[in-house]
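Please examine the sequence and the three-dimensional structure shown below.

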Protein chains: 2
Amino acid sequence: MNSANSVGIVTPQHAVFEEPLHLASGETLPSFTLVYETYGRLNQAKSNAILICHALSGHHHAAGYHHEDETKPGWWDSCIGPGKPIDTNRFFVVSLNNLGGCHGSTGPRSINPSTSKLWGPDFPQVQVSDWVSSQARLADHLGISTWAAVIGGSLGGMQAMQWSIQYPDRLKYCLVIASAMDLSAQNIAFNEIARQAILSDTHFHEGRYLEHDTNPSQGLALARMVGHVTYLSDDAMASKFGRDLRRGSFDKSVTEQVEFQVESYLRYQGSQFSTSFDANTYILMTKALDYFDLACDFEGDSVEAFKQAKAKFLVVSFSTDWRFSPRRSREITDALIAAGRSVSYAEIEAKEGHDAFLMPIPRYLDVLSAYLSRVAEECA
Amino acid sequence: MNSANSVGIVTPQHAVFEEPLHLASGETLPSFTLVYETYGRLNQAKSNAILICHALSGHHHAAGYHHEDETKPGWWDSCIGPGKPIDTNRFFVVSLNNLGGCHGSTGPRSINPSTSKLWGPDFPQVQVSDWVSSQARLADHLGISTWAAVIGGSLGGMQAMQWSIQYPDRLKYCLVIASAMDLSAQNIAFNEIARQAILSDTHFHEGRYLEHDTNPSQGLALARMVGHVTYLSDDAMASKFGRDLRRGSFDKSVTEQVEFQVESYLRYQGSQFSTSFDANTYILMTKALDYFDLACDFEGDSVEAFKQAKAKFLVVSFSTDWRFSPRRSREITDALIAAGRSVSYAEIEAKEGHDAFLMPIPRYLDVLSAYLSRVAEECA
């Protein structure tokens, strides 16, 4: 554990909601649990709370450490902490694991109370709007009527936007990072490949792998590899690996042993992920991504959608992000302007592709710091 | 069959080579067969022959039809035929299936003469330079001492470049389309994902699926899906599919049945491919792509490599091709210029991504026609 500018040791908490949640699909979750962490202190006016919405493979552990001997902090530790852009000296930060997740919130690995068996593949397909509803319940639970800001990158940015039109009075600022109002066909296609990789693993057993005491780890690993390659830019991979060899050599006579660094790296990343993530959750989260369409209740008119919003917006994109390209962020910005909303837009030069939103890129951190400083003053 | 401007019915031929082929890996193929087609007539001087080199999933059937009742012509029929850019009224065109292929040339589905069993995964890893050596044997067989031109797209372009430095006196023109002097880390990564998809299919049986009377069809389908998505541009997919649904609807209550057009299209493409292509060949071809490094015998100096060449070059790229981007083609062009070679470069505006090299894009066909007209005059 590196305690400099860290929120230090954090303990996940659980909130149990006994009242049924009616989902967009028409199904109902009779009850559910959300696991979450908080950093910083809620002020007396309860006006300084920030909600962090996670992306595809994220979870509630966004900052700090769970144990003294941990070496890796939460997934957004570069942004959350004392003196950092999401400054825990000024804000009370809430980070949760979404419904359908596999890190402690109710999801496919939970027990279905009506059957007393694992939900598995029968867990209802939750959508972005359902996550926002469940997050509103968490806000109620914490006594927070209005968030100072809701912040998310990628799929998290979709949740932030959905907050702005679903509960316009419950957030003052909305920070949408490396996101889009809906996925492109190419993005859906990559998600479909990831799902097919999982579905075609013989250990998937139509989603009932836990009952078969097994895991579709090769399918999950492949799915992760697809994600990993597409979330990095070509340039980032070039500077990270180039054509460097891990073993073998290019005297041409030993091609059977030739292995590029990038190959072993990918296999390692895939295999790590496959032991720590749930396949049904991965399928569910990618579908939530595919199905999201900000304007779907407004006849496809995103300007009309954003006319519901009252928050002020910051939209951020990264130059080499080709899965959620700057063009997609400019579409958000344009729709917000046309809807008469207050919006700032920053396109950050970064070579890391979509993954840049998780990286400590100085100009990115500066933009967030400057913007959130204003938020802190207004919401103190 | 549509006979307008078509080479019509063609019959594949076989050339058997009894003399051993010494491979770059140090291994030796004791004998081998190449299947090929020819279109047009070889002139008396044998000076009007063009060699077509195929890409990853290509084969010898580049133009015309095998039967009267076929509806789909060869894979490059848009470019090859009477009056077309590769004009069969003027040129004698040779198109082969490469060694290691699965369409009739010696490869993993052939019998290993030393064991009398299928080669399968034991077929030696051939490299681009081996293909060029075997193609030179085919030229000898046909009595062609010098090609008017060697032409290839993608992996085919690598063969064309390799020809220019391996047999500088045996080609007058070299046409390199949508190619690169070596693959980027990102490209290797996508190939590795495709291979892992095949290797992790339980029906792969370490490459001995034929002996097990099975086929790793799901792995192959996935591999093809990865290729397919990455060979198309985001724009091409957007205009082809957008977010159109194949079934289901977005009233939110029937998400289980929602299926995007792009998903069913991908699954269809993958499944078609998996029944028509050999998994060991796919692995072998992707490795040949990964291993290719034009400058590897010249201490990484591509200018030195191209100093061996005597041909004149045409280099072509496509604006939205992100797997073999225009930047990679400009690198080829720059190296050729620095090596003092004659080179023309055309970057074609096209929305189809890497697949554009197979498409009848008017400016692309015009560029090829104009260039090859000059070649035809010189090599008549």
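Is Gly81(B) buried or exposed, judged by its C-beta neighbours inside 10 Å? Gly81(B) counts as buried because it has 25 such neighbours; a residue is called buried if 20 or more other C-beta atoms lie within 10 Å of its own, exposed if 12 or fewer, and partly exposed in between, with C-beta atoms placed from the backbone. The model is a predicted one, in which local features need pLDDT of at least 70 and side-chain atom pairs count only at pLDDT 80 or more, while totals for chains, interfaces and linings use all residues. Residues are numbered from 1 along each chain as its sequence is written, and chains are lettered from A and ligands numbered from 1 in the order in which they are written.

Gly81(B) belongs to strand β6 (residues 80–81) of chain B; helices (H or I, at least four residues) and strands (E, at least two) are DSSP runs, numbered from the N terminus. Apart from neighbours within four places in sequence, Gly81(B) is in contact with Asn5(B), Ser6(B), Val7(B), Ala63(B) and Thr88(B), where contact requires C-beta atoms, placed from the backbone, to lie within 7 Å. Gly8(B) is 73 residues from Gly81(B) in sequence, yet their C-alpha atoms are 8.8 Å apart.

Chain B also contains an open sheet of eight strands with mixed pairing, in the order β1-β4-β8-β5-β11-β12-β15-β16; two strands pair if DSSP finds at least two bridges between them. Because β1 (13–17) and β16 (343–348) of chain B stand at the edges with a single partner strand each, one side of each has no neighbour in the sheet. From one strand to the next, the twist averages 20 degrees. Angles run from 0 to 180 degrees between N-to-C directions, and axes are lines fitted to C-alpha atoms, for helices over the stretch in contact. Helix α2 (residues 155–166) of chain B packs on this sheet, touching β5, β11 and β12 of chain B, and its direction makes about 150 degrees with that of β12(B). Helix α10 (residues 362–379) of chain B lies across β11, β12, β15 and β16 of chain B, at about 160 degrees to β16(B).

In chain A, all seven of the seven residues of strand β11 (residues 147–153) are buried. Strand β5 (residues 49–53) of chain A runs parallel to β11(A) and is joined to it by four bridges, one pair of partners being Ile50(A) and Ala149(A). Six bridges join β11(A) to β12 (residues 171–177) of chain A, also in parallel.

Helix α6 (residues 261–276) of chain A has buried residues Val262(A), Glu263(A), Leu266(A), Gly270(A) and Ser274(A). They lie on the same side of α6(A) because they cover an arc of only 100 degrees around the axis, the arc being that of the directions from the helix axis to the C-beta atoms. The face turned away from them carries the exposed Tyr268(A), Gln272(A), Thr275(A) and Ser276(A). The cover over the buried residues of α6(A) includes α3 (185–199) of chain B.

The contact between the chains takes 43 residues from chain A and 43 residues from chain B. On the side of chain A, the largest share, nine residues, comes from α3(A).

Definitions and conventions
Two residues are in contact if their C-beta atoms, placed from the backbone, lie within 7 Å.
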